[in-house]
Amino acid sequence: MRNFLYSVALQWKLDIRSKSLLVTCYLVPLLFFLLMGGVFTSIMPEMKHTLIPAMIVMGVSMGALIGLPPSLAETYGSDIKKMYKANGVPICLGLATMFVSAFLHLMMLCIILFLLAPILFQASLPVNPPLFFLALALYMAVSLSIGSVLGLVVKSQAKLTMVSQLVFLPSILLSGIMFPMELLPKAFQVIGKLFPATWGNLLMQDNGFRLENLWYLILLFLVAVIVCGILLKQQKSK
């Protein structure tokens, strides 16, 4: 356990120095929040009640789907994997440490958004903050697990960037964070429900922590964990 915590702390320090993580987990989400928060609340004043979950969904989706996968692809597609084997280090250590480090960074981002939104845009705070953060932690875990699958499956950085964008953009545009899902065509509503962002947004709403918004996220997480386990076993056998 001590070695694992040391590895997480080391990965945390490496991530802090990473320009890619700085952009995807902090700069872009915060700029989007500062620029679009005022626009959304001016055009749709009722969005003050949903602004915090909406901005958090955008930030978490970007960090998990665009920020994490390249780091995993770089680690498991290079000689670093061989170093794990040579030193008897479990092949899953890299994934675990990057997952936890990204989780902590995204949680810091979410806390910043949570504190700034009421001050800058008079956004409403959640009625039940502990339940809100529980829903947030679950949504982050699901998003990061999907990002982990992308990072392990796609080896080419160029292809990974394209695939990550193909998952990220529909997650944002069809999740209901920018405009109500009811305004979308029926087919787009169905497609939007395939992405965790839609359910994470619903789960973090006031009185949204219900089984009907929860079961799909849990299912996605379990499937992603199983897929990651299979992919790591394949990595170990190579």
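**Figure 1. Lining of the largest pocket by residue class.** The lining of the largest pocket has 10 nonpolar, 7 polar and 3 charged residues. Here Ala, Val, Leu, Ile, Met, Phe, Trp, Tyr, Cys and Pro are nonpolar, Asp, Glu, Lys and Arg are charged, and the others, Gly among them, are polar. The model is a predicted one, in which local features need pLDDT of at least 70 and side-chain atom pairs count only at pLDDT 80 or more, while totals for chains, interfaces and linings use all residues. Residues are numbered from 1 along each chain as its sequence is written, and side-chain values use heavy atoms, with hydrogens and water left out. The largest pocket has a volume of about 410 Å³. Of the 20 residues in its lining, G176, P180, M181, E182 and N201 are the closest to the centre. Helix α9 (residues 196-204) gives the largest share of this lining, 4 residues. On a 1 Å grid over the protein atoms alone, a pocket is an open set of points with protein on both sides within 12 Å along at least five of seven lines, a cavity is a set where a 1.4 Å probe fits but cannot get out, and lining residues have an atom within 4 Å of a point. Grid points are joined across faces, edges and corners, and a volume is the space filled by probe spheres set on the points.

**Figure 2. Helix α9.** This helix is mostly covered, with 8 of its 9 residues buried. Buried means under 20% relative accessible area, exposed means over 50%, and partly exposed lies in between (1.4 Å probe, protein chains only). The buried residues of α9 are P196, A197, T198, W199, G200, N201, L203 and M204. In the protein chain as a whole, 47% of the 238 residues count as buried. The chain has 10 helices and 0 strands; helices (H or I, at least four residues) and strands (E, at least two) are DSSP runs, numbered from the N terminus.

**Figure 3. The largest cavity.** The structure holds 1 cavity of 30 Å³ or more. About 50 Å³ of space lies in the largest cavity. Its lining is made up of H49, I52, P53, S124, L125, P126, M204, Q205 and D206. By class, these residues divide into 5 nonpolar, 3 polar and 1 charged.

Figure 4. In soluble globular proteins, nonpolar side chains tend to be buried together. Not counting residues up to four places away in sequence, M55 touches F32, F33, F40 and L113. A contact means heavy atoms within 4.5 Å.

**Figure 5. S171 in helix α7.** S171 is found in helix α7 and counts as buried because its relative accessibility is 2%. Apart from neighbours within four places in sequence, S171 is in contact with L65, F195 and A197. S171 and L65 are 106 residues apart along the chain, and their C-alpha atoms are separated by 9.8 Å. In the protein chain, residues 24 or more positions apart account for 76% of the contacts with a separation of 6 or more.

**Figure 6. L232 in helix α10.** L232 lies in helix α10 and counts as buried at 8% relative accessibility. Leaving aside neighbours within four places in sequence, L232 is in contact with Y76, I91, C92, L95 and L152. From C-alpha to C-alpha, L232 and C92 are 6.6 Å apart in space, and they are 140 residues apart in sequence.

Figure 7. Q189 lies in helix α8 (residues 186-192) and is buried, with a relative accessible area of 16%. The side chain of Q189 reaches the backbone oxygen of L184 at 2.9 Å. Not counting residues up to four places away in sequence, Q189 touches M181, E182 and L184. T97 is in helix α5 and is buried, with a relative accessible area of 4%. A polar atom of the T97 side chain lies 3.0 Å from the backbone oxygen of G94.

Methods. Polar contact = N/O pair within 3.5 Å; in protein donor to acceptor, adjacent residues only side chain to side chain.
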